Amino acid sequence: MASSSSRSPASRTQLWWEIAIILALSIGRSAVYSVVSLLEALTRAPLGDQQTSLNPGAGATAFWDVLEQALGYLFGLAPVALAVYLLWEPAASGFRKIGLTFERFGRDLGGGLLLVAVIGVPGLGLYALGRTLGITVQVDASPLDSSWWTIPLLLLAALRAGLLEEVVMVGYLFDRLRRLGWGTWTIILSTAGLRGAYHAYQGFGPLVGNVAMGIVFGWVYHRWGRVMPLVIAHVVIDVIAFVGYPLAAAWWPAVFAPPGG
């Protein structure tokens, strides 16, 4: 593989176009919409009085709503597949290159759960603090119902989010930006900023929390060289947030329950 310094201007331009296309199909597009959504929310009312939904429930025509949501989550994995495909090399698959394999699953699981403790609990506290200060939108993490399809859809949503964010934002971008000659901490801080922008629609608390998460995850990936622990941690954090949301809304309605709930 050619070093970044030996790459021709044409190959560097091609690499930038590749990065731009991947981001436009996934995280980058969502980050732009998220920032615009935050700016729009700031013009309407105090953030503490507003609400957003991460996983809307199915409507009256349950089968078709569930099918549509499931297909949306599955097709949402297409940028992940494209990123892994572009990382593929004759000497190593894209999965092996970023450590998205099951060969060290026990160690990856332990590392992922450690990250849940380091990131998940402080993140919840930061969200609660943001709600108390009125700088965070009320986030409806999951529909407050007991339909049979709720849990499977939430698990699928968590898996999609974990794979999309960690494979594209960490595994793929770290490889491509290294090829362009970026330093380790420049990459870590840049991708952490992108992660924060991606969640800006939730308000300033989650924005700051996700930047911090991006810094920790980026540093861990730099040290471990594997994306699998990050995916595990992300999925577990989202599952706890999605599935535990009805309990949190019941126990702490002032912080977690929807307005008027």
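Analyst: Trp16 has a relative accessibility of 37% and therefore counts as partly exposed, a class that falls between buried (under 20% relative accessible area) and exposed (over 50%), with a 1.4 Å probe and protein chains only. The model is predicted, so local features need pLDDT of at least 70 and side-chain atom pairs pLDDT 80 or more, while totals for chains, interfaces and linings use all residues. Residues are numbered from 1 along each chain as its sequence is written, and side-chain values use heavy atoms, without hydrogens and water.

Trp182, at 31% relative accessibility, is partly exposed as well. Across the whole structure a search finds four aromatic pairs, that is, Phe, Tyr or Trp rings (six-membered for Trp) with centres within 6.5 Å, stacked under 30 degrees, edge-to-face over 60 and tilted otherwise. In one of these pairs the ring centres of Trp16 and Trp182 are 5.9 Å apart, and because their planes stand at 55° the pair is tilted. Trp16 belongs to helix 1 (residues 9–25), whereas Trp182 sits in the loop between helix 7 (150–179) and helix 8, so the pair ties together parts that are 166 residues apart in sequence; helices here are DSSP runs of H or I, at least four residues long, numbered from the N terminus.

Phe102 and Phe105 also form a tilted pair, because their planes meet at 40°, with the ring centres 5.8 Å apart. Within this pair Phe102 is exposed, at 64% relative accessibility, while Phe105, at 36%, counts as partly exposed.

Conventions. Helix = DSSP H or I, 4+ residues; strand = E, 2+ residues; numbered from the N terminus.
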